[in-house]
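Work through these exercises with the model open beside you. Try each task before you read its solution.

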Amino acid sequence: MACSKLIRLTFQKFNTRKFHGTAERSSNWRDLMKKELSLECENHGICIYRVPSNMHQVEPKAYRPNNISMGPFHYGAPHLRKMEMLKRKFYCRLFNPNGAKLEEAFKFLEDEEVSARRCYMDEIKLSSDEFLQMMLIDGSFIIQLLRDLSESEYEFGHQVPYLSRWMLPIMRRELIMLENQLPLSVDSNNIPDQCDKADELKGHHFLDLLVSSMRPKLLEGEKPRGVQHHMIRSVTELKEAGVKIKTDENRQLLDISFGKKWGVAMRELTIPPLYINDHRGTVFRNIVAFEKCHKECDPDVTTYLFFFNGLINSADDVALLNYNGVLHHSLGDDDAVSKLINKISEEMVRDRDESYLHRVVNDANEYFASFYARKRGPLVHYYLTSWVVGISTIGAFLALYFTFIQTVCGFADALKALKSTNSGSLFLDAFCTPFRGTPKTDENGKAEVAATKGRHDSNCGDLCREVRDLCMQICLTE
């Protein structure tokens, strides 16, 4: 009895303690969930992201600045501190003539601090003073650099102060990286009247502006994007199937078309020229990362790179595109270009339902599966790959043709001999030749067997034989 009461009392105390502990935690988890909801509402303004880890592992140097930092993601890195003094010099050059504008910049940045922080994917751990100072220095550097570059474009011999010749190409490469961006509102508004076209800048940052300028123009008046089930065939396969590769320098980079040429049989694939180097590879990687992270951005450049990834499977494909004026590079050899194009597409997922090239790729694959293309492709691949192989193929065909003609002529001569000779004497000659030997000639040089006269009088077979031997020599030589 006492034991049962003790158990009941212990159970009641346990339930009471558990209830009180749950009551204390309930208030905490509710506050945390409300805070999470408010943070989710703030995430709608994010436009500067961390590169996904799977893409970062493929080529880390394409996403991480090694000389100059913009924004808070790489701020204060030890290997980037040397450029901080350079940025401060640009800040002094911008505000020294116009000290009154500095107060306006202070006020604007203080008002826009919260919205600027919301542009970044990660929580910024810098204090308010550090964050505003960083934004002012970085924004001043970019604006003064753009002013200097604009003056050097119109003034011959004008050099950007404080910059060595090696710095500018490096800066162009690193200022376009996704993790190295500043909100465009900071660059265009924190220093009033410094840029005449500040109001025309429509985008979240410089990388977003670049993506907007690369949008294809051929989407007007037709369904912009659709389903692309498969990738396009390689350029070598398309060429063998009868597709003509053409370039058009007047088109935008992403404006690619596929249509009929010379009636029904032939097709034409028109591609604007593409220039590949180390800098262009970095630009493409960061654009693709931005398209993958930003929901408002259409995956057009990603589709474009997967298109070239399908066209290029080997160095021969690169050489063929280079010969047709489509692809130009400065990477040393064609194999390096092939590896670069294929490596850019690693750790990426193709957007099948949002391809702006769905019509081009689907039409090209449909033509490749047609009866004409399926018969023409193997014939060109095995027998007409180059002019050397083509000449050998034609020579072999002519040798076979003249062999056939020689056979026909020989058969005709045999029929003529049969008509002019008794069949019994032919059988007698056939069985007696091994015992009598070959026919001999008399003193006047005439043959003993009259049945062979038609063969010696025929010149058609000899001519065909000579032509055939000549064709065989050509084939063996090639």
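**Exercise 1. Find what share of the chain's contacts with a separation of 6 or more joins residues 24 or more positions apart.**

Solution. Take a contact as heavy atoms within 4.5 Å. Next, the chain itself: it has 20 helices and five strands. Finally, 38% of the 478 residues count as buried. Buried means under 20% relative accessible area, exposed over 50% and partly exposed in between, with a 1.4 Å probe and protein chains only.

A note on the source: this is a predicted model, where local features need pLDDT of at least 70 and side-chain atom pairs pLDDT 80 or more, while totals for chains, interfaces and linings use all residues. Residues are numbered from 1 along each chain as its sequence is written, and side-chain values use heavy atoms, without hydrogens and water.

**Exercise 2. Describe how α13 and α14 cross.**

Solution. Start with the axes, lines fitted to C-alpha atoms over the stretch in contact, with angles from 0 to 180 degrees between N-to-C directions. The axes of α13 (residues 315-323) and α14 (residues 334-344) come within 8 Å and cross at roughly 105 degrees. The two helices are therefore roughly perpendicular, a label that covers 65 to 115 degrees. Now list the contact residues. Ala 315, Val 318 and Ala 319 of α13 meet Asp 334, Asp 335, Val 337 and Ser 338 of α14. By class, that is four nonpolar, one polar and two charged residues.

**Exercise 3. Is Thr 302 buried or exposed?**

Solution. Locate Thr 302 in helix α12 (residues 300-311). Its relative accessible area is 2%, so Thr 302 is buried. Leave out residues up to four places away in sequence, and Thr 302 touches Val 288, Glu 291 and Lys 292.

Note on methods. Helices (H or I, at least four residues) and strands (E, at least two) are DSSP runs, numbered from the N terminus. Angles under 35 degrees count as roughly parallel, over 145 as roughly antiparallel, 65 to 115 as roughly perpendicular and the rest as oblique. Ala, Val, Leu, Ile, Met, Phe, Trp, Tyr, Cys and Pro count as nonpolar, Asp, Glu, Lys and Arg as charged, and the others, Gly among them, as polar.
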